[in-house]
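User: Hello! I am new to this structure and would like to learn how to read it, one feature at a time. Could you guide me?

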Amino acid sequence: MTESVLIVEGLTKRFGGLTAVNKLNLSITSGRLHAIIGPNGAGKTTFFNLVSGLYTADGGRVLFKGRNITGLKPYEISRIGIKRTMQIKSVFPQLSVAENLWVTRNATNGVLHPFRSASSDHATRERVEFTLEQIGLTSLAHRAAGTLSYGDVALLEIGMALISDPQLLLLDEPTCGMSPAETSRTVDKIKILAQTIDIVIIEHDMEVVFEIADDITVMTQGENLVSGSPAEISGDERVREAYLGRPEDEDYVEEAAHA
Amino acid sequence: MLDTLLLLALNGLIWGLIIALIALGLSIIFGLLDIINIAHGDFFMVGTVLAWFTLNLTGNFWVAFLIVPLIGFILGALIQRIVIQPIRNVAALSIVATFGLSLILQEVVRITFGATPRRILPPIQDTILLFGINYDVYRIFAAMIALVALAGFFLFLHRTKLGTWMRAVRHDRDTAIAMGVPAQHVYIFTFGIGFALAALGGVVAAPITTVEFRTGVDILPFCFMAVIIGGLGNLPGTAAAAVLLAVIEGIIQSFADPTVARISSLVLMSAVLLLRPQGLFKGLAK
Amino acid sequence: MTMSLMMIRRAMLIAFIAALIAVPWVVPALINKFWVSVIAEIMIWSLFAASVNLLFGYVGLLSFGQALYFGFGMYGVAIGISTFGLSFWPAFGLGIVASVAIALVAGIFAVRLTWHYFAIITVVFSLIFYFFAVSVKSVTGGDDGINFTLPPTFSFGGYTASFSNETFQYFFIFAAVAFCFFLMHRVIQSPLGKAFVAIRDNDTRAELIGLNVYQLRLIAFVMSGFLAGVSGALFAFFGRYASASYMFYHVSGEAVVWAIVGGAGTLLGPVVGTTLFIVIREVVSTHWEHHSLIVGVMAILVVILAPTGLVGLWNEWLARWSAREKVPATRTSLQSEP
């Protein structure tokens with residue numbers, strides 16, 4: 001049975017004269033890893049910012065499991081179970097790796113205890129240790145996150161997504177700027193995650209996209225150009241056109257053609 | 001009654017133009033260097049004190065219009081290089097540093113000039129009959145000077161290479177640097193110009209206010225109000241807001257306590273900060 | 001953090017507290033009685049600097065208007081005693097309630113803004129009330145202030161304890177300030193405190209992991225108003241006096257300098273910064289009236305040479321020293337030391 005975890009209807013966002021997302025319609029099917037691709041400026045990250053509440057939509061709505069989440073605050077959307085990562089890696093640099101996980105785990109509790117010592121919370125602590133093992137950062141648990149290597153920060157971000165028990169995970173270019181080794185390590189993690197969590201991923205690396213995605217949506221100029229299976233997308237004439245119109249994106253075309 | 005009102009409005013206009021000079025310096029420093037310059041009021045105060053010294057050393061007040069802004073520029077450039085440059089990337093620290101600077105300037109003036117408030121006689125002693133009283137011609141002249149300086153500054157910003165660089169760095173620092181704008185020099189120059197504008201304001205204002213080490217503290221909130229209400233980065237807006245505020249305060253003072261006028265301006269500023277952080281004049285002036 | 005480092009810090013803290021307890025006996029013997037009250041004053045102002053630190057060091061909001069809450073604490077006590085005829089504890093309570101209430105009202109607006117805008121709106125709020133306090137002389141006494149006679153703190157039967165006994169005054173202030181610092185320490189180590197630091201580090205991310213950033217900033221703002229209010233109330237008791245001049249932005253600015261020079265984001269940084277500047281003031285001002293010059297120069301030197309503040313510098317130095325000692329890393333908790 002295919003059930004939609006996220007339905008987007010007529011979603012629109014304008015910045016002054018520029019319409020970044022234009023009457024976007026999209027349906028994300030539960031249990032399938034959904035990739036969003038498209039040339040630079042197609043409105044992919046704006047779309048994520050709208051879903052996660054960082055931007056307020058100018059029109060349209062977003063339904064998460066049938067519930068209208070349009071206009072909710074970012075923290076409210078996060079507490080419902082939609083978590084995201086940022087394109088530019090974004091953690092809490094002065095907290096340690098363990099504390100990053102710890103604070104993320106506890107963020108969804110509405111009430112933060114003002115006087116109980118943070119270190120005396122055993123349940124959270126065990127979960128933090130478990131997650132550290134999962135992402136392989138146990139040995140770096142007490143390092144300040146700001147001192148980590150790029151790849152380790154990316155792992156930590158995934159750990160932060162994991163520990164918050166998300167229902168829907170939005171990954172914004174998770175392999176951006178990574179070495180091939182780091183990329184394949186990250187892709188493996190995402191594959192494992194996708195078995196239990198619904199994931200939407202924005203990705204420029206076509207190899208990654210065609211390796212992991214069950215469904216692909218191509219966005220251009222803020223609109224949904226086409227959605228379909230990887231096979232359908234790679235054979236679609238409009239997709240080729242969308243990329244061909246832009247000389248600086250030739251490498252995508254090549255990658256898309258080879259995939 | 002109407003005469004009094006017009007007189008207060010005129011006084012406000014003149015003060016507003018002087019404040020506009022000072023506030024522009026504050027605004028470009030804020031806009032370009034991302035620094036809240038707590039010492040900016042003291043730059044003005046240093047201007048008044050230097051004007052006093054110039055008058056006493058040379059016997060000629062007019063010399064101050066040339067020398068004092070120049071000294072101000074050099075002091076500003078030095079301060080940028082020595083104090084601001086090392087902490088450029090930490091905005092919060094710049095508040096502490098400029099607060100320290102403010103204390104230093106005030107104390108140095110107290111040591112050299114003394115703590116007693118003094119007055120400077122206007123270089124033009126004539127008066128003209130205006131709204132039923134004998135009005136100081138110098139005040140009119142002060143307004144003219146401020147206007148000329150404001151016009152000169154905007155011409156400089158839009159007609160010279162350096163001015164273009166300043167606008168470029170304010171608009172997009174990274175791109176400007178990538179395009180080959182020597183940002184370091186622009187910063188030094190900006191701080192120098194900021195000090196020079198405030199010091200010039202000090203010279204212009206010296207004969208119509210008291211010369212004392214504390215005047216900067218009183219004028220600083222007013223300058224910030226102009227910058228915020230005019231809109232951060234909106235230089236014409238800043239100038240307009242300075243004039244508007246001074247006129248409004250002048251008029252309110254005609255029927256209420258000066259502190260009431262000050263409180264109303266502050267409340268207006270809070271409202272602008274919360275409701276229109278881009279400033280009152282966004283869209284009206286570019 | 002290694003075990004030996006924690007032990008060094010703990011030992012220093014205990015020594016510090018012991019020294020403060022010994023002050024009323026040791027200081028008069030070594031220097032003179034006057035310095036006991038200077039140290040009491042330093043404790044009060046340290047608490048005031050701590051209120052800046054809680055907001056800036058842990059939540060990343062630089063308030064330039066803490067004098068407002070200090071002033072409300074101060075006037076709450078002074079007006080409570082001189083106008084309403086309250087006794088000691090109700091007046092204390094009035095001061096604290098007044099400052100917390102005004103912090104809540106100001107905070108509802110102020111924490112909508114961040115960075116420069118936050119610094120500016122806090123100073124604007126404090127200026128509004130400063131000008132207000134200056135103009136309603138009948139209530140506040142304006143710049144001249146209100147003097148009052150202090151009622152006793154405790155009285156049971158024939159025995160009364162009051163601030164006229166200098167040792168009692170010292171220990172009352174010590175206990176109140178120490179209690180506030182203890183509360184702040186607990187908050188910083190708690191889940192709430194970790195959330196504060198997360199917001200300081202990266203507020204967008206904090207929002208995205210589900211933290212209600214606005215609400216948490218408001219909580220911190222009110223807590224900080226509480227600390228400033230307690231310090232203002234204590235200062236009113238200490239000086240038997242309240243004045244609008246303490247609500248001016250220069251007072252807020254000094255506390256910012258003390259906190260950052262001492263070390264923002266460390267529990268005891270504000271104590272170090274405040275102590276340094278007040279000791280300089282007391283020592284220098286008897287010989288030279290321009291002690292502010294030294295304050296200004298030191299503020300600039302510290303931010304250039306030690307941007308993490310004196311305690312930050314000390315912590316870095318300790319960390320390097322312990323790394324050189326090669327003490328094997330032991331299992332440590334999430335806890336970070338003050």
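Analyst: Gladly! Let's begin with burial: a residue is buried if 20 or more other C-beta atoms lie within 10 Å of its own. Keep in mind throughout that this is a predicted model.

User: Is Asp152(A) buried or exposed, and why?

Analyst: Asp152(A) counts as buried because it has 20 C-beta neighbours inside 10 Å. This residue sits in helix H5 of chain A, which covers residues 150-163. Leaving aside residues up to four places away in sequence, Asp152(A) touches Leu137(A) and Leu140(A). Gly136(A) is 16 residues from Asp152(A) along the chain, and their C-alpha atoms are 9.1 Å apart.

User: Which domains is chain A divided into?

Analyst: Domain 1 of chain A takes in 1-81 + 167-259, while domain 2 is 91-165. Where they meet, 8 residues come from domain 1 of chain A and 6 residues from domain 2 of chain A. On the domain 1 side, helix H6 (residues 180-194) of chain A has the largest share, with 3 residues. That side of domain 1 has 3 nonpolar, 2 polar and 3 charged residues.

User: How should I read a sheet, and what is the strand order of the open sheet in chain A?

Analyst: In general, strands of a sheet pair through backbone hydrogen bonds, either parallel or antiparallel. Here, the open sheet has 4 strands in the order E2-E1-E4-E5 (chain A), and the pairing is antiparallel. Strand E2 (18-29) and strand E5 (67-68) of chain A are at the edges with a single partner strand each, so one side of each has no neighbour in the sheet. Strand E4 (residues 59-64) of chain A is joined to E5(A) by 2 bridges, and the two run antiparallel. Across from Leu63(A) stands Asn68(A), in E5(A).

User: Now chain B. How many helices and strands are there in chain B?

Analyst: Chain B has 11 helices and 2 strands. Following the sequence, the pattern is α-α-α-α-β-β-α-α-α-α-α-α-α. The radius of gyration of chain B is 19 Å, close to the 19 Å that the globule rule gives for 286 residues, so chain B is as compact as a globular protein of that length. The C-alpha trace of chain B spans about 60 × 45 × 35 Å along its principal axes. Of the 286 residues in chain B, 51% are buried. Among contacts in chain B with a separation of 6 or more, 77% join residues 24 or more positions apart.

User: How many residues do chain C and chain B bring to their contact?

Analyst: Chain C brings 34 residues and chain B brings 35 residues. On the chain C side, helix H5 (115-135), helix H11 (249-262) and helix H13 (291-305) each supply at least two residues. H5(C) gives the most, with 14 residues. By class, the chain C side has 27 nonpolar, 6 polar and 1 charged residues.

User: Last topic, confidence. Where in chain C is it lowest and where highest?

Analyst: Chain C has an average pLDDT of 88, and 95% of the residues score at least 70. Confidence in chain C is lowest in strand E2 (residues 154-156), at a mean of 80, and highest in helix H10 (residues 213-239), at 96. Over residues 327-338 of chain C, pLDDT stays under 50. The model itself scores ipTM 0.84 and pTM 0.87.

Note on methods: Residues are numbered from 1 along each chain as its sequence is written. Chains are lettered from A and ligands numbered from 1 in the order in which they are written. This is a predicted model: local features need pLDDT of at least 70, side-chain atom pairs count only at pLDDT 80 or more; totals for chains, interfaces and linings use all residues. Two residues are in contact if their C-beta atoms, placed from the backbone, lie within 7 Å. Ala, Val, Leu, Ile, Met, Phe, Trp, Tyr, Cys and Pro count as nonpolar, Asp, Glu, Lys and Arg as charged, and the others, Gly among them, as polar. A residue is buried if 20 or more other C-beta atoms lie within 10 Å of its own, exposed if 12 or fewer, and partly exposed in between; C-beta atoms are placed from the backbone. pLDDT is the predictor's confidence in each residue, from 0 to 100. Domain bounds come from an automatic or database domain assignment. The radius of gyration is taken over C-alpha atoms; the globule rule is 2.2 Å times the number of residues to the power 0.38. Two strands pair if DSSP finds at least two bridges between them.
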